[in-house]
2 protein chains.
Amino acid sequence: MMSITRQMRPLPLRSVKLTDSFWSKWQETLRDVTLEAIYQRMAESGRLENFRKTAEGQGRHVGRYYDDSDVYKWCEACAYALALGPHKLLKKRLDEVIELIDAAQEGSGYLNTYFQLEHPDLKWRNLGMMHELYCAGHLIEAGVAFFEEVDDRRLLDVAIKLADHIASIFGPGKRVGFCGHQEIELALIRLGRAAGDKSYVELARWMIEKRGKSPSIFEAELDDPEAMKLSPWARGHLLKDGVYTGEYLQDHAPIREHEAIVGHAVRGMYWYAAAMEVAEGDEPLAAAVDRVWRNLTEKRMYITGGCGPSARNEGFTADYDLPNLTAYAETCASVALIFWSQRLLHMTGNSDYADVVERALYNGAISGISESGDRFFYTNPLESRGEHQRLPWFDCACCPPNIARLIGSVAKQIVSVSDEAFWIHIPAGFEAETSISGVKTRLVCESNYPWSGEIKVRVEPAKPVRFALRVRIPDWADDVQTELPGLNSESEWDQGYAVFDKLWQSGDTLTMDFGMTPKWVEANPRVLDDLGRVALTRGPLVYCAEEHDLGYPPQLFSADLDAPVEQNSMRIKVQGFREKLDFIDDIYAAEGTTECEETEAIFAPYSAWCNRGANHMAVWTRRA
Amino acid sequence: MMSITRQMRPLPLRSVKLTDSFWSKWQETLRDVTLEAIYQRMAESGRLENFRKTAEGQGRHVGRYYDDSDVYKWCEACAYALALGPHKLLKKRLDEVIELIDAAQEGSGYLNTYFQLEHPDLKWRNLGMMHELYCAGHLIEAGVAFFEEVDDRRLLDVAIKLADHIASIFGPGKRVGFCGHQEIELALIRLGRAAGDKSYVELARWMIEKRGKSPSIFEAELDDPEAMKLSPWARGHLLKDGVYTGEYLQDHAPIREHEAIVGHAVRGMYWYAAAMEVAEGDEPLAAAVDRVWRNLTEKRMYITGGCGPSARNEGFTADYDLPNLTAYAETCASVALIFWSQRLLHMTGNSDYADVVERALYNGAISGISESGDRFFYTNPLESRGEHQRLPWFDCACCPPNIARLIGSVAKQIVSVSDEAFWIHIPAGFEAETSISGVKTRLVCESNYPWSGEIKVRVEPAKPVRFALRVRIPDWADDVQTELPGLNSESEWDQGYAVFDKLWQSGDTLTMDFGMTPKWVEANPRVLDDLGRVALTRGPLVYCAEEHDLGYPPQLFSADLDAPVEQNSMRIKVQGFREKLDFIDDIYAAEGTTECEETEAIFAPYSAWCNRGANHMAVWTRRA
């Protein structure tokens, strides 16, 4: 593994405006539709009322014990949305919600409406299953987001009070404790850096290191009858053949010994992301995180960036076990994969991580939200027989606000800056302003990504300045054209980035073309579910075929890989064969009975499937 | 539909000896291994102790509320096993168990150890979920089996007392009641015919006709809090989106209106079998039963005769929904399909039904038991990735004694007799003695079925007698050779049977050859899971490929359908291609990256898979 020093940092959201049709549309929808829709669902479902009841000290908690976290994640997404520009209604909603949150907090700093209303005597008693620290983590992240992105301290103050309360209970020399559902680690690190207080970061590091060591704090809780009254399902998740394994919540071994990604997907990925944040100078830790990441992305990840095939544990199973129809591939898991991969990227500068960010971003994550912005997938299967549909809300509503905070903060996946470089990880359209090598510089990327691979990057420094413009060469690009007038030598390549290191004058313009031709991709034959099949991709996009376009289930179509495909705006026309149905009644017949007819089929981006209602869909297409 | 008059009857088991290597081996294993193994598991699990406790009037019930039925089904299987010949240990076990059952019965005739020990005040209170009448049905069937097959009345007396008790409570003018899990209907009909008391048959008919009518007795029970304490899971099974549908237990419409097979597989099939038993002269009822059977066998049945793809309802889903890896295809469901199809066959003389009997018998039913006779499949998937294995026992142990009673009584699927005909449904090896056209006749079928399609049927009447020997022409046979010296004309065909109608002299011998060449079969393209795939069959057997034979997961193999296959005793050698694994590390790569190598693969009968331990298996093979 590479040496471990932070290579770059994201830009504040107010410094990057996304201008391509893809992200500008999603961010507009986020501000005008999604966040208000989530607010309404939070209000209808009693999530906001829980805070009001808690503030008033009376009433019963409604919903699930971790519902507070949805409210916090919505707040975080709102912080990002407001960083993009003012919004009157959103501001009004937020003022109301922040006031509610503030009012519900106890004097001690404790805040969790479920425990305050239902089990005040059982606080911190069941860390493994009850998500108290998880909810706290999301509050803290929201508080930091507001402070950093829109200069609003109100939620940060609540967050600091809660963090201090947590730090008064857990830590070295105090109680050994951390959360069954990781998240608090990411949050404490973020808070520590925003507030300039390393103690929060150290507490997170300690929580990361203590996990997976014997005796397990979660195993011990199984023997606490009072704790288990809260989560009678705990044994089902934590035991295998009656024995505690800890795999479900990554408590099976100390992190430095981890080899493969196991257990609940979101828990694991939030946690490894946090671990990477504190891995600077700690190569063994970074190597462990990278090892697990490579196991995931090289053996356990769907082509869409979907993660965690199994509904049973909302998580991982075995290498190459990637069923399409029953894929769980939770929206939150793809979001978590992006957050985790971005940490690896920022610490290493290696484009492998950005390749995965891009894959998940444009496919398995963004598929989690409808074009209309107010319906959501919890699971993101790669095949459907009409049983899947995006819904306005869920009892367990983690995904809607998670995709919202991803969309709001997506610029942080697209560009980064370091002291003497500007990084373009994803060549989306943007206008950024930052200081590089001490000179205020504006960079404008004209792009119609992901629909076109041609981009123009115009650099406008306040005065001529030398720095490296680093542009990622996507893993899918095999014919890249570059033009940069005045560059004396060819660009260098470094860890998957083309490096244009020169003295930039205002108006210097880099033109690149990543050559987006449609491509057929096949899976490693160990992925038994994809044998004999191919997937169509173009640039970063994975395509699929839908019954709405074909007029029949796309499973009946097989592609002729020798025939040319035809690009047609956002769609691709493929030649192939369709099984004929109208002449056979038997369920089983001699081989040679069924017939095919030549036909062509329309493929469209996977992320946009099911926007016209439930129907048959397939990503992996049979070869003719 | 055909006119509905009973066309034939089975022979008593003592009159038919099975002589081919297939069934004689299974019946030997049944008598020497399987029934004793089940006895031991019943003893260890507390099932027998429940009867002892009930007789003594003290103790707690152990196990599930329907465990009595396993004991009764074991008794029924023992009756068949003893009809095949005396067996000292079996007789001893049976005497013990029959005594226990007899002792546990209440003076009223009531008998159910769960209710007697746990809820004596809640008898008959929750018919939908609690299986009281189901258990009673299996006791009654066992009683009749002992009486009919081995002339032992002990269990019949218990059965009649229980049946009379049931008849005193339920019936026209009394309480409207029948069982959530059908079985009592089949049992009462069988009892009525054995005991020569039509009232039992009429009670069964009434129960069949009352089901599915509004108001539903099962829906009403959902509102009885006392009843629901016994089955808190009831709503999960019976409601869809909060509304009672009744589909799970075939209570969705009166039987005469049924079109498709829905709900729990075993429940439905036991019930339609019973309905066919009382359909004589009732064409609308027979037509309904046939309609549902055709929906099943033409659109919802696995090629193995497996039924019910879904674990969720242990039953049916939609037309052509037949996933292979996750196939539920309970052993009991294939057994039930045989019982049901046999009723249709006996009432019609149409070989369609015998074709399905044969398919299930030699594939999806017999796969439920290990070669060793003491391990069992509950589910019978058509693909495995190593996660399936036969087990010695189950908490819900319906399958082991069910496959036992099928094996014990299998001769009833093989031949039948009518006043002036002898029917061979399945050309297994047998020696039968019966009276035809009033003349005592012995028939000997020399056969090595299912390994060979050549049979010789020698007829030995006590004196020359005219009758029709009816031999089914299997649906898979397309080149049948027949030789019968002295037959003046060609044989006639009638509903799939070759009819040899002549004056038979002792020693007359019919020779037939059904031409068992291996064949590739394809599924209707509507079965999306089998698209691009073929299955190998030979005669009645469906073949599969196992990792144990190939040395690698058979999913990696694709068959060259143009190359000849090579028969090699019970196995078949197939030419094709194997995906190479040793040179690709990427999980996704450009189409054309992976490579295949020519190879040959051994296929073996599906029913015998997994006898060497868990491993990868596939019935449906990709076409190269």
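**Overall fold, nonpolar cores and chain arrangement**

Of the 624 residues of chain A, 64% count as buried. The structure is a predicted model, and the values reported here were computed from it. Chain A contains 19 helices and 24 strands. Its C-alpha trace spans about 75 × 70 × 50 Å along the principal axes. The chain exposes about 21700 Å², of which carbon and sulfur atoms supply 46%.

The largest nonpolar core comprises 207 residues. Within this core, the residues that touch the most other members are Trp23(A), Ile101(A), Met269(A), Trp340(A), Phe422(A), Phe430(A) and Leu469(A). The surroundings of Ile101(A) illustrate the packing: with residues up to four places away in sequence left out of the count, Ile101(A) touches Phe51(A), Val71(A), Tyr72(A), Cys75(A), Leu111(A), Leu139(A), Leu155(A) and Val158(A). Another core, of 206 residues, lies apart from this one and includes Leu155(B), Val278(B), Ile369(B) and Cys398(B).

In chain B, helix H15 covers residues 331-348 and thus has 18 residues. The distance from its first C-alpha to its last is 26 Å, close to the 26 Å expected at 1.5 Å a residue. H15(B) is mostly covered, with 18 of its 18 residues buried. Just after H15(B), Gly349(B) adopts a positive phi of about 75°.

The relation between the two chains was examined by superposition. Two copies of a chain are related by a rotation about an axis and a shift along it. Here, chain B is superposed on chain A by a rotation of 180° with 0.1 Å of shift along the axis, at an RMSD of 0.0 Å. This is the relation of a two-fold axis. In chain B, the C-alpha nearest the axis belongs to Gly532(B), at 4.3 Å from it. The interface was compared in the two chains as well. Of the interface residues of chain B, 98% are also interface residues in chain A, so the copies meet through the same surface.

Technical notes:
Residues are numbered from 1 along each chain as its sequence is written. Chains are lettered from A and ligands numbered from 1 in the order in which they are written. This is a predicted model: local features need pLDDT of at least 70, side-chain atom pairs count only at pLDDT 80 or more; totals for chains, interfaces and linings use all residues. Side-chain values use heavy atoms; hydrogens and water are left out. A nonpolar core is a set of buried Ala, Val, Leu, Ile, Met, Phe, Trp, Tyr and Cys residues joined through side-chain atoms within 4.5 Å. Buried means under 20% relative accessible area, exposed over 50%, partly exposed in between (1.4 Å probe, protein chains only). Contact means heavy atoms within 4.5 Å. Helices (H or I, at least four residues) and strands (E, at least two) are DSSP runs, numbered from the N terminus. The expected span of a helix is 1.5 Å times one less than its number of residues. Copies are superposed by least squares on the C-alpha atoms of residues with pLDDT of at least 70 in both. Accessible areas come from the Shrake-Rupley method with a 1.4 Å probe; for residues, only the protein chains shown count as cover.
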